[in-house]
Structures are given as C-alpha cells and as structure tokens.
Amino acid sequence: QRMIAGESSAIPLGQVAEIKRGTGVSVIEHKGLARVATVAANIQGRALSDVSKDIQTALNNLPLPAGYTIKMGGDIEQLAETVGYVVQAVLLAVVMIYLILASQFGSILQPLAIMFSVPLAIVGVLIALLMTHDTLNVMSMIGIIMLMGIVTKNAILLIDSANENRRAGKSLHDALVKAGEVRLRPIMMTTLATIFGMLPIAFGIGAGGEGRAPMARAVIGGLITSTFLTLLVVPVVYEVLDEFGEWFRVKILRAKPHSTVPAPETTAAAQPAK
C-alpha cells in the first residue's frame, strides 16, 4: 500500500517484485558462525567403517567451491573418537604391564619376552574376525584389551618357572624345557575355561548378543593362537634376550659372565663311629 493525500491505495505486487515458485530451507542451521547443511542416512547390511571409507573416497574426488568444507559427523565421528580412546588405552596398558613386570622380575629384558605374547594373540584376533566376517570395531578392541592380561599371564607362568629352574642350577635350555612341561597343564586349563566361558557370547545368544559377539570371538581367536605359539615362541625369545643381556654385560659393561654350568650336587658320606 501507498499513502496519497492521507489516503492509502493498493499497488499490484507484480509491479515491484518478480514472483517465482521454488523451494527453500525451513530452518537455517549455524555452527561456529558458519551455515551448515546436514545430510543424514541410515546404514543397513554393512559395517559403519566400510561405509565411511566409501564416503570419504567419494568426497575426495568431489570438487568443492571456495569456502565449502565437508566433515563427517554422527556415528562416524563417534566411532573415530572411540577408536582413538581405545588405542590410547591399549598403549597405556602395554606400558603399565611392562613396568609392573620389570619391577617384579627385576629385569628389563625378561618382560620383553613376556610382552611378545601380545602380538601372537593379535594374529588370532584377526583370523577369528576374518573367519566370522566381523570387523575391528569397538567391541573387538575391548576384547583385545582383555586379551592383553590373559595372554601375558600364560607367559608369566612360563618365564617364572624357567627362572626357578635356573636358580635350582639347571642350564638355560633345560630350564625352559622343564618349565614348558610343568606349566603346560595350568596354561591349558585356564585357556580352555576362558574359551568355553566365552562361547555363549560368541554365538550371540540373548538380547543384544550380536553386538557383544565380536568381543568374545576376538578373545577366543587370540587365546587359541597365543596359547600354542607362547609355548614355542616365548622360550625362544627369552633365550635370545638372555644371550643378548649376557653379551651386553660382558662386552659393554665389562662384567664377569654368569655361570651356565649347573651347581654340582654335594653328598655327605657317613663317617664310621669310633
């Protein structure tokens, strides 16, 4: 409307504006003083990590105008944050386990032989996840953290028994062989008990079982490989590290070598009574 001599009159809108039919957003979102457009989708039948890789590959080949950026959000962002936290927890657990073992055994090399059982378990985890068509998700990573305590326990039993045998006068090779014979039964008992206890979770029984199943499958796979490989690989690593430590003491520190000959047995002969 316009005012002429105190009276109002109507003006057609077409004289002052061009009218076109179109679409527009009902709400304009902002984040950090910048306009944001959110694209959401539901994922079914595929792992979130696989979908995020495909999306990132497509975005890398997408030319963007100046001033435009694309950022992953929602479940993908939460997954990336969770994976980062889990990796930090694994690294912290490795450091803490090593420090505790070093203080308990009074050595910086023997804990390395014990910690060598962890990568042996990771091999079983990857094989188990591959066979069951699972992914390395948050639950399977939690299973890896559980494995670190279980598999190092088996190596601790083996190395501790070998140290006892060496203190009793046995050679390094004989001490390791005797430790494997003595500790085989308790290692197998604890491993089988853990595996059978994890089977119901691995089968995904109960409400929400499919979400917890990768954790149990990762634990079972890691236990199977680590149990057999620990009895073979850890003694070899222990012997190599012991020889390296002896070489370092003699060649670098100029110390006297440790005797590897078993202590002679002493027998007391009865003296005839006078």
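1. In the protein chain, residues 24 or more positions apart account for 63% of the contacts with a separation of 6 or more; contact means heavy atoms within 4.5 Å. Of the 274 residues of the chain, 27% count as buried. Buried stands for under 20% relative accessible area, exposed for over 50%, and partly exposed for what lies in between (1.4 Å probe, protein chains only).

2. On provenance: this is a predicted model, in which local features need pLDDT of at least 70 and side-chain atom pairs count only at pLDDT 80 or more, while totals for chains, interfaces and linings use all residues. Residues are numbered from 1 along each chain as its sequence is written, and side-chain values use heavy atoms, with hydrogens and water left out.

3. The secondary structure of the protein chain comes to seven helices and four strands. Read from the N terminus, the order is β-β-β-β-α-α-α-α-α-α-α. Helices (H or I, at least four residues) and strands (E, at least two) are DSSP runs, numbered from the N terminus.

4. Helix α2 has 32 residues, which should span 46 Å at 1.5 Å a residue, and its end C-alpha atoms are 47 Å apart, in agreement. The expected span is 1.5 Å times one less than the number of residues. The buried residues of α2 are I76, V86, A93, I97, L101, A102 and F105. Their cover includes α1, α3 (110–115) and α5. G106 follows α2 and has a positive phi, near 65°.

5. G74 belongs to helix α2 and is partly exposed at 44% relative accessibility. L64 lies in the loop between α1 (48–60) and α2 (74–105). With a relative accessible area of 41%, L64 is partly exposed. Leaving aside residues up to four places away in sequence, L64 touches T69 and I70.

6. Helix α4 has 15 residues and reaches 22 Å from its first C-alpha to its last, close to the 21 Å expected at 1.5 Å a residue. Its buried residues are S117, V118, L120, A121, G124, V125, A128 and L129. What covers them includes α3, α5 and α7.

7. How do α4 and α5 cross, and at roughly what angle? The axes of helix α4 (residues 117–131) and α5 come within 9 Å and cross at roughly 140°, which makes α4 oblique to α5. Axes are lines fitted to C-alpha atoms, for helices over the stretch in contact, and angles run from 0 to 180 degrees between N-to-C directions. Oblique is what remains after under 35 degrees (roughly parallel), over 145 (roughly antiparallel) and 65 to 115 (roughly perpendicular).

8. The α4 side of the contact with α5 is made by S117, V118, A121, I122, V125 and L129, and the α5 side by S140, I144, L147, M148, V151, T152 and A155. These residues divide into ten nonpolar, three polar and no charged. Ala, Val, Leu, Ile, Met, Phe, Trp, Tyr, Cys and Pro count as nonpolar, Asp, Glu, Lys and Arg as charged, and the others, Gly among them, as polar.

9. The axes of α4 and helix α7 (residues 209–252) come within 6 Å and cross at roughly 135°, so α4 is oblique to α7. This crossing of α4 and α7 is right-handed. Residues of α4 in the contact include S117, L120, A121 and G124, and those of α7 include P214, R217, A218 and G221. By class, the contact of α4 with α7 has eleven nonpolar, seven polar and one charged residues.

10. S140 is in helix α5 (residues 138–167) and counts as buried because its relative accessibility is 0%. Beyond residues up to four places away in sequence, S140 touches L129, T135, P214, M215 and A218.

11. H133 deserves a check. H133 follows α4 and sits in the loop between α4 and α5. The phi of H133 is positive, about 60°, although H133 is not a glycine. Most residues other than glycine have a negative phi. With a relative accessible area of 72%, H133 is exposed.

Terms used
Left-handed = near helix turned anticlockwise from the far one by under 90°.
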